[in-house]
Amino acid sequence: MKARALAIAGLALGCIGASAQSLRLEVDTEEIHAGLPFVLSLSASGFEEEPEPAAPELAIEGCTVTYLGMSPNVSRQIQIVNGERAEWTDVTFVYRWRVQPDRAGRYAVPPLTVAQGIREAVSRAASFEATDVEQATDMFVRMLLPDRPVWVGETFEAAVEWRIARDVESYEFVVPLFDVEHLRFETPPDGGRTVTLPAGTGEVELPMQRDTVVEDGVSYTRLRFPARVSAGRPGTLDLAPVRVAARLQSGTYRDTFGFRRARTARFAARGERRRLVVRALPAAGRPPDFVNAIGTGFSIDVAASRSVVQVGDPIALTVVVRGDGDLDGLSLPPLDGSGGLPPEYFSVPDTPPFGVVDEAANAKTFDVTVRVRSVEASEIPPVALSYFDPVAGAYATVRSRPVALAVRAGDVIGAADVTASRAPVEVGAGARATSPSAAPPTGSLVGADMSLSAPALTLAPAWGAQALRVPIALLYLLPLLGAALHFAWMRTSGRRRRGREVARARRAVEAELGSGAPAREAAPRVLRALRTLAAAAGRENAIDGALAERLETTSFDPNAGSAPLDAETIATVREIVRELRAGRERPGAAAGLAMTVGAALCLVSSGPAQARSEASGSALEQARATYGTALAEADRVRRTRLFAEAERSFRAIAAARPDAPDLLVDWGNAALGAGDRGRAVLAWRRALAVDPGNERAVRNLAWVRDRGPIWLPRPAAGGALDSLLFWRGRLSVAQRHWVGAGAFALAVALAIPWSRRRARTLRRLAVVPFVVWVTATGSALLSTETSGAAVLLADGAVLRSADSVGAPPAFGNPLPSGTELAVLEERATWVRAALADGTQGWLPASGVARVGS
């Protein structure tokens, strides 16, 4: 946060000492309030880069002061003039303290001294004013702690609960629990929005949980900020009340555009004092193999890489410890101890193994290699894990299940030969994807969703599954053409009005000519109608002067009492009417634009329709029947072959219907049953590209990822941007194009001034769909979700450092089928790809399939 100079009386600082050194005090806030901390910074400039000056001691009476540290800011300048080089170094040391005034009033900041050798600078004394914040009556805060004593090393739940009845603009918390030095804080796995709160000299990031509660007839928004806390030493903690200050809505006003805006004011709330008692672990009853496992629900599982061995052979053990406790600091008990492996039968490494924590599974995995010493070893005995249960206040011990061994001479058979479909093989430039029918599935399918879709939904496409060019082009073209037509119509309205006036005047002249009235009466009326016609047509000079004189003479001629107008006069008048009629304007731009619109619609609608081959109902029914038979088959080999047959059928149908997500998931399930992990992952990824919210695809893809090798990089979860644009995970790229096109059409329709009274309101409303159009279409155009996404179909492919079978590996292990990649470049029979962790290398193109088909 950019610091601001203290804008209060008496805090403009000078400097005493050498003229080259200077001190400056700044704060990070414009207002200082009692009970709320702020950061006070001291910038010392004019000193050498080394040695760093010691931090001055700062004590402000009536305030809690915490030193946060120092950060040097170094800038260098080089100038060359006339061949001579000059170099300057400007060093500024910034010291930071967190200051919390206890109550309202004026506080004095004492002079501070910064010294470096013979250089010294002293600031003048300063002061600041802290004001009280009004206590809110509809805002409450409290600290939630266990209602029992906790134990040293125990990870317990604590939370700050905040209830508010009004909208909040900004807020800041003071949580005394977070300032206790020997407490350690962890962020519980939540996956949602997080907030950052001050904790001692640093900060702690906590998830924010939100719901609504009603108390005494008032609806409150309840926010909870949970944390996992563990104490490093015993004792009793008397905690000051938790406090919060927030800017809450106190009214409304209208801005310069007429929109209603919220008016806010700062309010505060405080909780109650709390006490936390931390007890030391009891010495009585402590098992000898207890290390540091503290929590509840612990279990331990041991798996061996081989079950038939010879004396002296290594056995790779995978030890998985699960439990509700602090797994990061958990150590594996000594395997050669009383609860481990008998030393006369097994030899274990001298150094303890390191573990890897899987927060999603709440487990920690240790890999350790042991060797068999005696043929009398018939099993890997149960391994004991002792832990302290803080709820029961007692120690407990759990044990793993024994693993049977056969120690004899002969061929060594590994677990991979028993459960895996095949050993990894080297894939060269001409390698092909492995055939799933050649081997049984790679292991148990417990936990996978192997159900098929409902028959009526199998071929149903997701809405907007394909961004069809013609309909989307119409959504863009029609509103624009409609707007052009409207503006053309409005522009030619005057011309059309004059045309109607000319037609009325012409009919009036014809009516007077055909009335048969005496010439003395008809002449003035004909002349008047003729002049009206000429004025409407804009051609006042079209009436011949001789004709006008003749008509006026006739109207006053006493001899023209009963005789009608003579034929010559009538012919002359009608000739003038014909001339004025011929002078009417031709069809305007509106008619031409209307014809253009019709032609454009015909041209767009005549575009080639996207060809889609419909899968035959009999082929789909056969594939589903084969899949059902495979599920019911007890023989493993025959079951695998039936799954492979169903996979081939589903694959052929899916090639013709790539827009049906449920069909793609059925194909992936069949591939998984056939042991073809590569095509299973490919099918599910394609299903999610069409329908990002497909539950079966999401669940099965996560299931396969969780069972991959621990060293295999996995796609990372979304970050802050994904949290902000959460809807991207619910709409495919094609669906975003549809949403953007529809929003564009709506925005243009609202922007057209259909009515003068409502034009301003409609233009304001058009802003919302316009923002939706920019966001959705921009997200679709810039999306890289499927553009380079790919899946490895070949098993055991080596990621190489160059496009050659002789190039050294770029990754330490052969990649299993189903590895998710990002294709960066294609070159002949090779592709350059990147793993989820960014590792790049080359793979044979024949073993890689793109997600975007």
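Tutor: Helices are DSSP runs of H or I with at least four residues, strands are DSSP runs of E with at least two, and both are numbered from the N terminus. The model is predicted: local features need pLDDT of at least 70, side-chain atom pairs count only at pLDDT 80 or more, and totals for chains, interfaces and linings use all residues. Residues are numbered from 1 along each chain as its sequence is written, and side-chain values use heavy atoms, with hydrogens and water left out.

Student: How many helices and strands does the protein have?

Tutor: The protein has 16 helices and 41 strands.

Student: Why is aspartate 216 called exposed?

Tutor: Its relative accessible area is 82%. Exposed means over 50%, buried means under 20%, and partly exposed lies in between (1.4 Å probe, protein chains only), so aspartate 216 is exposed. This residue sits in the loop between β19 (209-215) and β20 (218-231).

Student: How do you classify asparagine 362 by its accessibility?

Tutor: Asparagine 362 has 33% relative accessibility and therefore counts as partly exposed. Its place is the loop between β29 (355-358) and β30 (363-372). Asparagine 362 also has a positive phi, about 55°, although it is not a glycine. Most residues other than glycine have a negative phi, and most peptide bonds are trans.

Student: Where is there a cis peptide bond?

Tutor: Glutamate 50 and proline 51 are joined by one, with omega about -5°. Proline 51 lies in the loop between β4 (38-45) and β5 (63-81).

Student: Is lysine 364 buried or exposed?

Tutor: Lysine 364, in strand β30, has 4% relative accessibility and therefore counts as buried. Its side chain reaches the backbone oxygen of leucine 327 at 3.0 Å. A polar contact is a pair of N or O atoms within 3.5 Å, where within protein one must be able to donate a hydrogen and the other to accept it, and residues adjacent in sequence count only if both atoms are side-chain atoms. Residues touched by lysine 364 (heavy atoms within 4.5 Å) include Val319, Asp328 and Val356.

Student: What makes β37 and β38 a pair?

Tutor: Pairing needs at least two bridges found by DSSP. Three bridges join β37 (residues 789-792) to β38 (residues 820-827), and the two run antiparallel. Valine 791 stands opposite glutamate 820 in β38.

Student: What is the order of the open sheet of five strands?

Tutor: The order is β40-β39-β38-β37-β41, with antiparallel pairing. Its edge strands, β40 (840-844) and β41 (848-850), each pair on one side only.

Student: Which residues of α12 are buried?

Tutor: They are Arg696, Ala697, Asn700, Leu701, Trp703 and Val704. Their arc around the axis, taken from the directions to the C-beta atoms, is only 155°, so they lie on the same side of α12. Their cover includes α10 (661-673), α11 and β38.

How values were computed: Lists of a residue's contacts leave out its neighbours within four places in sequence.
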